[in-house]
Every structure is written in structure tokens, then in C-alpha cells.
Amino acid sequence: MRRTLYGPDHEAYRGTVREFLAREVVPHQHYWDRDHRIDRNVYVHAAKAGIYALEVDERYGGAGEHDYRYRMVVCEEVAKVNALSFGVTISLQDDLVLHYLLDLTTETQRQRWLPGFASGELIGALAMTEPGAGSDLRGIRTTATRDGDRWILNGQKTFISSGIMADLVIVAALTDPQAGSRGFSLFVVERDTPGFRRGRQLDKIGLPAQDTAELFFDDAAVPLDNLLGEEGRGLQYLMSHLPRERLGVTAQAIATARAIFDQTVEYCQQRNAFGRPLAALQHVRFELAEMATELDIAEAYVDKSVQAFNAGELSPVDAAKGKWYVSELQRTIIDRCLQLHGGYGYMVEYPVARAYLDTRAQTIYGGTTEVMKDLIGREIAG
């Protein structure tokens with residue numbers, strides 16, 4: 001089935017992304033995985049090549065391009081070269097951090113932060129999750145107390161993607177314990193903020209090069225000017241930005257599932273068993289037929305979601321549907337593809353083995369599958 005999502009400009013952009021990845025990412029992936037960190041310079045090169053931060057307005061150094069199809073192209077090309085640690089970090093910047101900076105900042109704040117973001121010299125992170133608060137944002141216990149011309153933050157965050165390398169962290173904190181859902185606010189905590197420290201880099205089963213950290217705030221002094229948006233509206237801001245975050249997970253999931261499937265088809269055509277290619281066996285053909293059909297159907301939903309997002313019409317429920325379904329589909333597709341590879345599928349030199357580990361978190365972060373289903377179910381039940 002031929003996809004009609006893209007136009008000539010997107011396909012020309014695909015060539016730019018492909019060339020960038022071949023030059024700046026593929027030769028270094030092994031070393032990044034080994035060292036558990038990605039060289040920061042690659043983000044400067046990526047921004048210069050237009051691989052991310054396209055939505056930053058031209059007056060701050062960006063392209064002012066809001067068409068999400070360009071993000072989809074990046075996801076697809078990253079998946080083809082199995083550069084998932086790099087891809088997740090780019091998604092964190094484009095699908096999470098950037099939209100808070102675009103939507104909630106004052107003009108003064110934009111002038112402070114957006115040029116560095118657009119140049120790739122400033123890396124951001126979003127700090128919501130705590131040891132006792134994951135998908136339930138109302139469980140946040142990190143506090144921010146007004147003290148003259150500053151806010152004093154105390155608390156701990158965990159599982160923070162890019163927490164080690166981040167130059168600024170958007171932190172959700174409790175500013176009024178008596179105000180219920182109106183008691184949370186967002187703050188931009190910069191690298192050298194007194195009282196802000198990073199804990200250990202967490203050891204994950206996948207995405208080895210993409211750093212994930214614990215963050216600590218011990219009387220961290222944040223200037224009043226670093227309040228993001230209005231005081232008391234933090235929870236509302238977090239909820240309103242979740243559709244974009246979940247679309248980002250969906251985009252990565254469908255791109256990776258498709259890439260691994262295509263590589264598996266090629267493997268089954270070339271690998272012989274019982275005197276003939278695997279693809280000549282009826283059971284294998286049935287497996288491939290089922291996966292191809294599931295991917296085509298899921299892609300149709302993803303394409304519809306992208307078009308809805310571009311039109312400003314992607315609802316939280318529709319984003320949640322795509323997030324849980326496509327991330328779970330990705331998990332099953334990659335598992336079945338690994339099985340078709342036999343013993344080779346268990347070897348990390350094969351993309352399917354690395355993807356098996358690197359993608360497992362996608363049914364968890366951005367809201368677990370269970371939380372997505374509950375959100376959708378509550379909407380249906382009224």
C-alpha cells in the first residue's frame with residue numbers, strides 16, 4: 001500500500017536526514033553505546049542540518065516550520081539505521097522540551113533560551129517523574145516556595161531522560177499544597193543553579209547511549225524570571241502538552257516496527273533452512289503477512305493522527321489511542337521478528353536484538369499502556 005502522507009519537499013528532506021545520519025551518527029553509534037553517552041557535538045551538527053528544532057522561529061535561529069511530517073521523516077530514517085538512543089534524545093528535544101519553550105515563555109525568556117536550542121548548543125530535559133509519582137502527576141512532591149526574588153525548590157526527580165547532559169530542566173513542582181490541581185507550577189532550572197545536583201546515571205536494559213538520571217533539589221534557588229507560564233497552572237500545562245509527547249512516541253514506534261519488519265523480510269528471503277529460503281515456508285509467510293497487514297493498518301491511523309496534529313485537532317484521547325496501540329504493536333512485531341531470526345536474533349550485532357531492548361520502554365514512558373486505556377475508557381464512559 002502506497003502512503004500518501006508525504007510530498008516532494010518531505011522526500012527531499014529525507015535525503016538530507018539520511019546523509020546526515022550516515023556521516024554524523026552511524027560511524028559513532030558503537031562508541032556511544034559503549035561509553036553510555038552521546039557526543040554533544042552531534043546535536044550542534046544536527047541542528048545546523050535541520051534535523052530538529054525546525055519549529056523555532058526564524059528570528060531565534062530556526063526555520064519556523066511546524067509541519068509534523070518532517071519529524072516523521074526523521075523518525076523513519078533514524079529507525080532504518082537503528083540509532084534509537086540518538087532518536088529518543090532528538091524526540092525529547094522536539095516533542096517535549098521545545099513545545100514548552102515555544103508555548104509558555106515570555107519574549108525575554110525566548111531570547112534567552114531559543115537561540116541556543118536552535119543551534120544545538122542548549123540541551124533540555126523535562127522533569128516530572130519522581131520516586132513516588134510516575135503517570136499520576138498529582139503525586140508530585142517536589143516543592144517550590146517563594147522567597148523574595150527567587151523560588152526555593154526541594155525534592156527529587158527520577159528517570160529523567162537527558163538529565164545528565166541537560167543545560168536546562170523544566171521542573172514540575174508543588175507551589176500550593178492546598179490548591180489541588182491548581183497547586184502545581186513549572187520552572188526552568190539551569191545547569192549552574194545553586195542547590196541543583198545530578199545523581200547517578202541510571203543503568204537501563206536498553207538505549208545505552210541515551211542518558212537517564214536522578215535529579216536532586218536541595219534549597220535550589222531559582223530566579224523569579226524562570227517561572228514558566230503562570231503560577232498554579234503547571235498541571236494544566238503538562239496535560240495539554242501530552243498529545244504531542246504521545247504522538248512522538250507513536251511516531252518512533254511505527255517507524256521502528258516498520259524498519260525491523262523490512263529488515264526481517266530481507267533476512268527471511270536470504271536465510272536458508274531445510275534447503276530453501278525461510279520465506280518459502282508457509283508458516284513464515286503467514287507470519288510476514290500478518291505483520292505487514294497490522295503495520296499497514298496502524299500506519300493509516302498514525303498518518304491520520306499526524307494530519308490532525310498539523311490541523312490543531314489531535315485530541316488527548318486520540319493521541320492516547322495511538323500511543324498505547326502502536327507501542328504495543330511495535331513490541332509484538334519486534335518480538336516476532338526476533339523469533340524469525342532464530343539464534344541470530346539474540347545477537348546484539350543484529351538490529352532486531354538491539355531494537356528488542358531499546359524499544360521496550362515505549363509502552364511505559366509518556367504514560368503506560370494501562371493509563372492510556374483508562375484515559376480512553378473514561379472518555380467513552382462519560
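Visitor: Where does the largest cavity lie, relative to the domains?
Guide: It lies between domain 1 (8-119) and domain 3 (236-381), because both give residues to its lining. Keep in mind that this is a predicted model.

Visitor: How much space is in there?
Guide: About 110 Å³ lies in the largest cavity. Its lining has 14 residues, and the closest to the centre are Leu84, Gly87, Val88, Gln252 and Thr256.

Visitor: Which helices supply at least two residues each to that lining?
Guide: Those are α4 (69-80), α5 (84-104) and α7 (234-270). Of the elements, α4 gives the most, with four residues.

Visitor: And what kinds of residues are they, nonpolar, polar or charged?
Guide: The lining of the largest cavity divides into six nonpolar, six polar and two charged residues.

Visitor: Okay, new topic. How many cavities of 30 Å³ or more does a search of the whole structure find?
Guide: Two. The second largest cavity holds about 90 Å³ of space. It is lined by 14 residues, and Leu54, Asp67, Tyr70, Arg71 and Asp94 are the closest to its centre.

Visitor: How does the lining of the second largest cavity divide by residue type?
Guide: There are seven nonpolar residues, one polar and six charged.

Note on methods: Residues are numbered from 1 along each chain as its sequence is written. This is a predicted model: local features need pLDDT of at least 70, side-chain atom pairs count only at pLDDT 80 or more; totals for chains, interfaces and linings use all residues. Side-chain values use heavy atoms; hydrogens and water are left out. On a 1 Å grid over the protein atoms alone, a cavity is a set of points where a 1.4 Å probe fits but cannot get out, and a pocket is an open set with protein on both sides within 12 Å along at least five of seven lines; lining residues have an atom within 4 Å of a point. Grid points are joined across faces, edges and corners, and a volume is the space filled by probe spheres set on the points. Ala, Val, Leu, Ile, Met, Phe, Trp, Tyr, Cys and Pro count as nonpolar, Asp, Glu, Lys and Arg as charged, and the others, Gly among them, as polar. Domain bounds come from an automatic or database domain assignment.
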